[in-house]
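Colleague: Could we go through this model together? I would like to begin with the backbone and then turn to the ligand.

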Amino acid sequence: MLETSLNGIPYVYERSGQGKALVLLHGFPLDHTIWELLTPLLQKRADVIVPDLRGFGGSGLSPAGYGVNDLAADIASLLSHLKIDKAVIAGHSMGGYVALAFAHAYPQRVAGLGLIASQARADAPERKASRFTEADDLEAHGVARLAEDMSSKLTGDKGLQIKLKKLILNQPPKGLAMALRAMAERPDSSPFLAEFDFPVAIVHGRDDKLVPLERAREVKEKVKKGTLLEVEGAGHMPMMEAPQATAGELLRLLT
Ligand code: MLT
């Protein structure tokens, strides 16, 4: 892992390959390792940059609460640190919320946008409220319950469930709680979708139990230059359940 400090927070990322810059942002409650099957498929064509978002994996905790716009600002700082003006930004689920916030705040730095198992809408009021309860529960009792609940929702693949459960158990409860609160407060990105001038590649599992496929179709309808791949037999983790198909969509953003 490479290390730096971004906006006062110790930050880790991996970098490999050659070509146009491509940043892959993991979802909740995961870290950069979810991209390990995808990265080798992209390295020949892209300079692949894979960070742990603040509060996840090896990156540090935020000293105070933050919003998804702060996570997007971390990515802008990371690109500046690497002297990269413009990149393809792709995000998985919560990473997609960050990618959308980045695209809204820094459109001139976006060569293309990838949204994997994500959505543009904000939380409905009930979901927003339940995230705050879950965040308090995480801080009081740790990640065991979340790891149990989430792993079976992320994918129907039993082997992958075991791997993902281990990955979730490694995440710091405080970082996950802060991320839940940031997601609860995120704005609706739908109004900005029509402004995007860059291509948007959307990949969504047909069996996603966490973000309904309909949310991906909504994004596809609103963007000017979008493609949507609906992956048969995949749940919320198409980059692990169907890496070839997912990589194919991202590679099209690099041309
Ligand atoms: C994720 O996979 O990042 C989360 O499930 C997204 C969410 O809870 O909205």
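Modeller: Helices (H or I, at least four residues) and strands (E, at least two) are DSSP runs, numbered from the N terminus. This is a predicted model, in which local features need pLDDT of at least 70, side-chain atom pairs count only at pLDDT 80 or more, and totals for chains, interfaces and linings use all residues. Residues are numbered from 1 along each chain as its sequence is written, and side-chain values use heavy atoms, with hydrogens and water left out.

Colleague: Where does Pro29 lie?

Modeller: Pro29 is in the loop between strand E3 (20-25) and helix H1 (39-42). The peptide bond leading from Phe28 into Pro29 is cis, with omega near -5 degrees. Most peptide bonds are trans.

Colleague: And how many bridges join E1 to E2?

Modeller: Five bridges link E1 (residues 2-6) and E2 (residues 9-16), which run antiparallel; two strands pair if DSSP finds at least two bridges between them. Leu6 has Ile9 in E2 as its bridge partner.

Colleague: Which residue in that hairpin takes a positive phi?

Modeller: Asn7, in the loop between E1 and E2, has a positive phi of about 50 degrees although it is not a glycine. Two residues lie between the strands of this hairpin.

Colleague: Changing topic: which residues surround the ligand?

Modeller: Gly27, Phe28, Ser93, Met94, Tyr97, Arg131, Met150, Met183 and His236 surround the ligand, each with a heavy atom within 4 Å of it.

Colleague: What distances separate ligand oxygen from the side chains of Ser93, Tyr97 and His236?

Modeller: An oxygen atom of the ligand is 2.9 Å from an N or O atom in the Ser93 side chain. For the Tyr97 side chain, the corresponding distance from a ligand oxygen is 2.5 Å, and for the His236 side chain it is 2.7 Å. The protein covers 94% of the 270 Å² of accessible area that the ligand has on its own, by the Shrake-Rupley method with a 1.4 Å probe.

Key:
Polar contact = N/O pair within 3.5 Å; in protein donor to acceptor, adjacent residues only side chain to side chain.
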